[in-house]
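Please look through the model below before reading my points. The note that follows takes them one at a time.

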Amino acid sequence: MTRTDRQRWLLPSHLAEPGGSGAARPRRTVRDWIVDTSLFLLAALVGLVAADTSAQYTSEAVTLFDQLAGALACCALWLRRRWPAGLAVGLCLVNLVAPVAAGALLASLFSVAVRRPFREIAWICALAVAASVAQAFLRPDPTTGLTLSLVLGFVLILLVTAWGMLVRSRRQLVEALRERARRAEAEAELRAAQAQRLAREAIAREMHDVLAHRLTLLSVHAGALEFRPDAPPEQIARAAGVIRDSAHEALQDLREIIGVLRAPDEDGEGNRPQPTLATLGALVDESREAGAEVVLDTTVDDPDTVPAATGRTVYRIAQEGLTNARKHAPGTPVTVTVRGRPGEGLTVEVRNPAPAGPVPHVPGSGQGLIGLTERAALAGGRLAHGPAPEGGFALHAWLPWPP
């Protein structure tokens, strides 16, 4: 049992029950039983005092009537949670002829002030004041003057009603705070779920961008060794070296990603630096060493001035373009064009002609382009891809480069 469950008996029934505010008859808590019993005993005590005072100057029949009316009024208080307004109206009429019901009337007015809206409270209190005034004339108390009786009745009704409205406002405040806490908790869970989803997407996108390039090199050179077993030893050795280096680089990249997942709060000591626009030349050289014909055309004289996030996005776009050209148009020349300057943005284009012959379908194609589109959008840019007008395939992206 939690601490909240142990203290649930301290709350009113409509606050203790999870759906109490919308339930027709929430079960009484221990606190409700204590409050109801206390009000019943207090009303009975007031009734006994009033009956004892009234018996001094009334007949036995009237005294008996007062006692019966007071007992019924006190017993009726157990219905105040179910019918607060109706009970208050009925006790106003009883109090008109039986002063011993005054205690029960005050308790019912308190219940009305706690549970009903202000407009209903106002007219019921007006009815109670009118009944109190009429009762002072119909059943005057010789021990107190008329003026004192009128003032005392008005003040008691006003105090009890104000107390009930104060309790009602406090309960509304508690309900509002609880609802705000539930809403904040739900929003926090939603934000956490969204953050996890975004993190998973970022990890999947990064793993695809990092590993697809390496694994494509492995596939191309492994396929060359498979279909050309009679190749010269120099070419076989070169292909084996590329396979070995690509496998080593892929494993190293995979270790870094797993290391970040295992210890996301640690600093990046020991990890290789993230690629930027300055490392784009190394990517092109790597593709050339693998046997691809790649032309790099850039007008950015100082790549280090490009923001790191923008340069990393350009690198990933060029990497994906080279990977797709190697998979879908092997043997064709690829042109990587980078243009831009601060304030105008940075454009990158990867273009290759159509392959000379049929190319087998590669499973899982298109996922990298979807990830690149999302990456460019997150960076504040845009990306377009598709068949070029003169044939082949073109990948074009624009990224912001602030002045």
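**Notes on the predicted model**

1. Disulfides. The count is 0 disulfides, a disulfide being a pair of cysteine sulfur atoms within 2.5 Å. Cys 125 is in no disulfide, and the nearest cysteine sulfur, that of Cys 92, is 8.4 Å away. Cys 125 counts as buried because its relative accessibility is 14%; buried means under 20% relative accessible area, exposed over 50%, and partly exposed in between, with a 1.4 Å probe and protein chains only. Cys 75, at 46%, is partly exposed.

2. Basis of the values. This is a predicted model, in which local features need pLDDT of at least 70, side-chain atom pairs count only at pLDDT 80 or more, and totals for chains, interfaces and linings use all residues. Residues are numbered from 1 along each chain as its sequence is written, and side-chain values use heavy atoms, with hydrogens and water left out.

3. The chain as a whole. The chain has 12 helices and 5 strands; these are DSSP runs numbered from the N terminus, helices being H or I with at least four residues and strands E with at least two. Of its 403 residues, 34% are buried. Among contacts with a separation of 6 or more, 68% are between residues 24 or more positions apart, where contact means heavy atoms within 4.5 Å.

4. The largest core. Which residues have the most contacts inside the largest nonpolar core? They are Leu 77, Leu 91, Ala 104, Leu 109 and Ile 124, in a core of 28 residues. Such a core is a set of buried Ala, Val, Leu, Ile, Met, Phe, Trp, Tyr and Cys residues joined through side-chain atoms within 4.5 Å. Its largest share, 9 residues, comes from H6. Leaving aside neighbours within four places in sequence, Leu 91 is in contact with Ala 73, Leu 77, Ala 104, Leu 105 and Ser 108. Apart from this core lies another, of 27 residues, including Val 300 and Leu 399.

5. Ser 111. This residue is in helix H6 (residues 102–115). Is Ser 111 buried or exposed? Ser 111 is buried, because its relative accessible area is 0%. Not counting residues up to four places away in sequence, Ser 111 touches Arg 80 and Pro 84.

6. Val 155. Helix H8 (residues 146–227) holds Val 155. With a relative accessible area of 35%, Val 155 is partly exposed.
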